[in-house]
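Good morning. I will take one structure and go through it in order, from the overall picture down to a few single residues. Please keep the view open while I talk.

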Amino acid sequence: MMDKIKVITVAVLCGLIGGAIPIALMAWLSWNSAVEIEQARLRNFAQSVLERSKISLNQSYDALYELNASTLALCSPEHIALMRKLTVNTRSVDEIGYSQSGVLKCTSWGLVDPKVESRHMDNFDAARLKVKLSMQPGFAVGDKMLSVQMAEYNALINAGRFGDIVVDEGVQLALARDDGMTVIGDAGSNAGLMQSILRNEVRSAEKDFLFAKAFKNGWTAVAATPVAALQASLKKQQQWMMPLGAFISLFIVVVTFVLARKRLSPEAELKRAVARGEFEVHYQPIMDLHSGRCVGAEALVRWRKRNGAMVNPDLFIPLAEKTGLIKPITDQVIHGIVRDLGETLAKDRSMHVSLNLCADDIRTGRVLPVIDAALAGTDIRHEQIWLEATERSYMDIDSAKETLNKARRSGHSTAIDDFGTGYSSLQYLQGLPMDAIKIDKSFVATIGTGSAASSVIGHIIDIAKSLKMFIIAEGVETQEQADYLAKRQVELVQGWLFSKALPAQDFLIFYARAVAFHGPGPYVIQRSRRNRI
């Protein structure tokens, strides 16, 4: 019962865990997949910012290069007209100016008055461009500008143009040079966050945002969005991942249930019993009907579970025979006999023990080396171990004959058990080398009943006597049955009239008392005179 409770408990826990883990895993994978998709989208935005920045700088470079190549009189109407034309035609440029000795002389909008000094510019790239942030247009107050200078010309670019790309709602952009100059992304409520991302600083606020970076030619672009923006992507991932997780969970639960059911099956329980050695041997005394002596016993296997409960042999023996587990059980019985009765068998040569063999052991002879190994090193003779072949299972006559002849050559007596209840009793008697017949208790039970079947036992006795076999009657429970069998000169009997099957210690006490009262029996000694090989 405890084993079942453990199995059920483990199965329930495994089912719960196995069912929950795939769901949780798919939820986690859905989230990570949505994050990866979102970050890939943000990375595309960041790369687009870099590409837009490159276009803006290249456009300003082309305009400045054309002015530097011009031969027009500086700040002449024609010169100013050219600067104005290039400003209008260059989308990224808001204003172009010309300076001499650090003093701004004219712009694309005309001559400059009052004087405006040019600011110091930082080196930008190999094209000898110089760049400065926070410049203002010469003729109007506008947004923060980026000044790009080539020689004496400079172009003012609205910083916002570097992020002039189409983005989804909620996406924020930032662009900065590696030297720390931020072109876009240093304003607004999340300016601190964008600066933190650009500087690779970890801040708790970033847990609420997803971001991606892109790098190129000394520039870093960042695209960020609130985590809440993941909901649409997350829902899309969950639409196929969560059903998959549910299917896996269901599969695990079903497998767990099947395995638990299999483990709780009688066959699985029987296998565990074999592995644990839960079987013990009880001994049904075999009595000499005429002298009253106990001449031996039939070894009967009993299954005692670890909780002390006994399992009816009628429940597990057929299953053991069907599954092949009867063979390791038989081996345990053999070793049990040696362990329980070895000393008594060695001292009393007239005592024998009958061992039931399954049809497969009779067919293959597998059990004979097992018996030899168990008896090796003991003083037990092979003649003291009688082998019983049950007639209820079909036996191949030829292979069974070979095994039984080999057993008899080793000294074992052989008997056909439950005679009359199987497939072909007379065929077995004619074809198999047997020393004894065990009359099934179902025939013994008909004695004195006056039923039509009550005459069968007489015919069985007559057949056995004609073949000069020992006769052992099973299931003798009344004195009337014993008297009938004695009158028909049946030698050996067993049954509850004399004793039920006893545990080893109780049987030894029973046997010792019988020997003390009647003396030992002669049957093992006489066996050689009945040899029919």
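The average pLDDT of the protein is 80, and 78% of the residues reach at least 70. Where pLDDT is low, the predicted coordinates should not be read in detail.

The protein has 533 residues, and 48% of them count as buried. Its secondary structure consists of 16 helices and 21 strands. Take the contacts between residues at least 6 apart in sequence: 64% of these join residues at least 24 apart.

Now the cores. Which residues touch the most other members of the largest nonpolar core? They are Phe279, Tyr283, Ile337, Ile437, Ile439, Leu485 and Phe507, in a core of 74 residues. Helix 7, residues 326-347, contributes the largest share of this core, with eight residues. There is also a second, separate core, which has 43 residues, including Val49, Ala63, Leu86 and Leu173.

On to empty space. Rolling a probe the size of a water molecule over the atoms shows where empty space is left. How many cavities of 30 Å³ or more does the structure hold? The count is one. The volume of the largest cavity is about 50 Å³. Its lining is made of Ile334, Ile337, Val338, Leu355, Ile371, Leu375 and Ile385. By class that is seven nonpolar residues, with no polar and no charged ones. Helix 7 comes up again here, giving the most to this lining with three residues. Helix 7 and helix 9, residues 367-375, each supply at least two residues of the lining.

The largest pocket has a volume of about 1,200 Å³. Its lining takes in 36 residues, and those nearest the centre are Leu300, Arg302, Pro313, Asp314 and Lys441. What classes of residue make up the lining of the largest pocket? It has 14 nonpolar, ten polar and twelve charged residues. Several elements supply at least two residues each to the pocket lining, among them strand 12 (279-288), strand 13 (294-304), helix 6 (313-323) and helix 7.

Leu375 sits in helix 9. Is Leu375 buried or exposed? Its relative accessible area is 7%, under the 20% limit, so Leu375 is buried. Leaving out residues up to four places away in sequence, Leu375 touches Val338, Ile380, Arg381, His382 and Ile385. Leu375 and Ile385 are ten residues apart along the chain, and their C-alpha atoms are separated by 9.9 Å.

Gln100 is in strand 1, residues 95-100. Its relative accessible area is 35%, which lies between 20% and 50%, so Gln100 counts as partly exposed. Not counting residues up to four places away in sequence, Gln100 touches Leu74, Lys105 and Glu152. Gln100 and Tyr153 are 53 residues apart in sequence, with 9.2 Å between their C-alpha atoms.

The last two residues concern backbone angles. Most residues other than glycine have a negative phi, and most peptide bonds are trans. Cys75 has a positive phi, near 60°, and is not a glycine. Cys75 lies in the loop between helix 1 (2-68) and helix 2 (77-89). Asn217 likewise has a positive phi, about 50°, without being a glycine. The loop that holds Asn217 runs between strand 10 (209-216) and strand 11 (219-226).

Which of the two classes, buried or exposed, applies to Cys75? At 17% relative accessibility, Cys75 counts as buried. Asn217, with a relative accessible area of 68%, is exposed.

That is the end of the tour.

Note on methods:
Residues are numbered from 1 along each chain as its sequence is written. This is a predicted model: local features need pLDDT of at least 70, side-chain atom pairs count only at pLDDT 80 or more; totals for chains, interfaces and linings use all residues. Side-chain values use heavy atoms; hydrogens and water are left out. A nonpolar core is a set of buried Ala, Val, Leu, Ile, Met, Phe, Trp, Tyr and Cys residues joined through side-chain atoms within 4.5 Å. Buried means under 20% relative accessible area, exposed over 50%, partly exposed in between (1.4 Å probe, protein chains only). Helices (H or I, at least four residues) and strands (E, at least two) are DSSP runs, numbered from the N terminus. On a 1 Å grid over the protein atoms alone, a cavity is a set of points where a 1.4 Å probe fits but cannot get out, and a pocket is an open set with protein on both sides within 12 Å along at least five of seven lines; lining residues have an atom within 4 Å of a point. Grid points are joined across faces, edges and corners, and a volume is the space filled by probe spheres set on the points. Ala, Val, Leu, Ile, Met, Phe, Trp, Tyr, Cys and Pro count as nonpolar, Asp, Glu, Lys and Arg as charged, and the others, Gly among them, as polar. pLDDT is the predictor's confidence in each residue, from 0 to 100. Contact means heavy atoms within 4.5 Å.
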